[in-house]
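Biologist: I would like to learn how to read a protein model step by step, beginning with a single residue and ending with the whole chain. Could we take one feature at a time?

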Amino acid sequence: MSDPRPIGVFDSGVGGLTVLREIVRRTPHESTIYLGDNGRAPYGVRTDDEVLAFSTQSLDALVERDVKALVVACNTSTAVGIGAFRRRYDLPVLGVIRPGAGAAALATRNRRVGVIATPATIRSHAYFASIKDENPAVEVYEHATPALVPLVEAGELSGPIAAATVAQALAPLLGERDASGESIFPRPAGAIVDTLLLGCTHYPLLRPLIAAIAGEGVAIVDSATATASALAELLVVNSLEAPGTVRGTAADAGLGGRDRPIEAIAPAAHRQLTTGDPERFAQLAATLFGDAFPTVEPVELRALVP
């Protein structure tokens, strides 16, 4: 069996496009509907109640469009509401925190991982708990970097202003000390993080700047690739793959050694919706996808229904 319905992908703004890009690459037969709540971004400085209400409105809008699964491509929304979303919707719901935490736990060599994210995500300690679940021996240093999301939403991805903002945001985590000479994140002398987890889907758009400031000795990890892989597995487990999807290897193209039946394969379709300015959203989408997604549609969200 297969399911041609689209996958719903939600983020507070344009950051989730980094996840969408990996989903399209990893599962090319899957159609998608992306909704960015740009009109109310950023979420990371809002209260948990606001984040939960806004996220639920957006996810309701995707469910109304008959999606077969939901990807919450917003770390703040995942941290605040993933449990509530799974109780509300009768379809698979995937967040970005668990896949990203697993990737960071595997990447670190000295068992010291730094996490940068929005204030709301850091406040939840969701990454701390998830990384510790993967490997209790890993030391996790969480740091809120609220200046980075507005930078991305404004399209400031390079240049001296962006570089200075990123450097200032990362300085405490990478070794800045206070007036008395004490580390803001107390660690033994010479103990530095060797892995930096980008705990917001906006941040990979600043990855070149972050990598340059962090240095060659620090591995940069984001949740986009890990989330796309987790989604592919989720679709298989729930028999929700699009027609034309191939399982297994070249030697074993079908499940249990059986080839998939021949199916009519329609090309994947991709829609992008925004509560903000469609033109600005389209410009940033073009920097990621070129002309693959030429049309961005405005959307108005309905009041919540209990």
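Modeller: Let us begin with the surroundings of one residue in this predicted model. Leaving out residues up to four places away in sequence, E30 touches R5, I7, K68, L235, L240, E241, A242, T245, A268 and H270.

Biologist: Where is E30 placed, and is E30 buried or exposed?

Modeller: E30 lies in the loop between α1 (17-26) and β2 (32-36). Residues under 20% relative accessible area count as buried, and E30, with a relative accessible area of 2%, is therefore buried.

Biologist: Which polar contact does the side chain of E30 make with another side chain, and which backbone nitrogen does the side chain of E30 reach?

Modeller: The side chain of E30 makes a polar contact with the side chain of K68 at 2.7 Å, and the side chain of E30 also reaches the backbone nitrogen of A242, at 2.8 Å.

Biologist: How should I compare that with D48, and which helix holds D48?

Modeller: D48 belongs to helix α2 (residues 48-64), and with a relative accessible area of 35% D48 is partly exposed, whereas E30 is buried. Apart from neighbours within four places in sequence, D48 is in contact with V80 and R123, and the side chains of D48 and R123 make a polar contact at 2.7 Å. Distance along the chain and distance in space should be read separately: D48 and S124 are 76 residues apart in sequence, and their C-alpha atoms are 9.4 Å apart in space.

Biologist: How do I read strands, and what is the order of the strands in the open sheet?

Modeller: Strands of a sheet pair through backbone hydrogen bonds, in either a parallel or an antiparallel way. Here four strands form an open sheet with parallel pairing, in the order β6-β5-β7-β8. The edges are β6 (139-144) and β8 (219-222), each of which has a single partner strand, so one side of each is left without a neighbour in the sheet. From one strand to the next, the twist averages 25°. Helix α6 (residues 126-134) packs on this sheet, where it touches β5 (112-117), β6 and β7, and its direction makes about 160° with that of β6.

Biologist: How many bridges join β7 to β8, and which residue stands opposite L198?

Modeller: Strand β7 (residues 195-198) is joined to β8 by four bridges, and the two run parallel; L198 stands opposite D222 in β8.

Biologist: How should I think about the nonpolar core, and which members of the largest one touch the most others?

Modeller: In soluble globular proteins, nonpolar side chains tend to be buried together. The largest nonpolar core here has 48 residues, of which I116, L196 and I210 touch the most other members. A second, separate core has 20 residues, including F54, L59, V67 and V93.

Biologist: Finally, how many helices and strands does the protein have?

Modeller: The protein has eleven helices and ten strands, and 50% of its 306 residues count as buried.

Terms used. Residues numbered from 1 in each chain as written. Predicted model: local features only at pLDDT ≥ 70, side-chain atom pairs only at ≥ 80, totals over all residues. Heavy atoms only, no water. Buried < 20%, exposed > 50% of the residue type's maximum accessible area, 1.4 Å probe, protein only. Pairing = 2+ DSSP bridges. Axes fitted to C-alpha atoms, helices over the stretch in contact; angles between N-to-C directions. Contact = heavy atoms within 4.5 Å. Polar contact = N/O pair within 3.5 Å; in protein donor to acceptor, adjacent residues only side chain to side chain. Core = buried A, V, L, I, M, F, W, Y, C linked by side-chain atoms within 4.5 Å.
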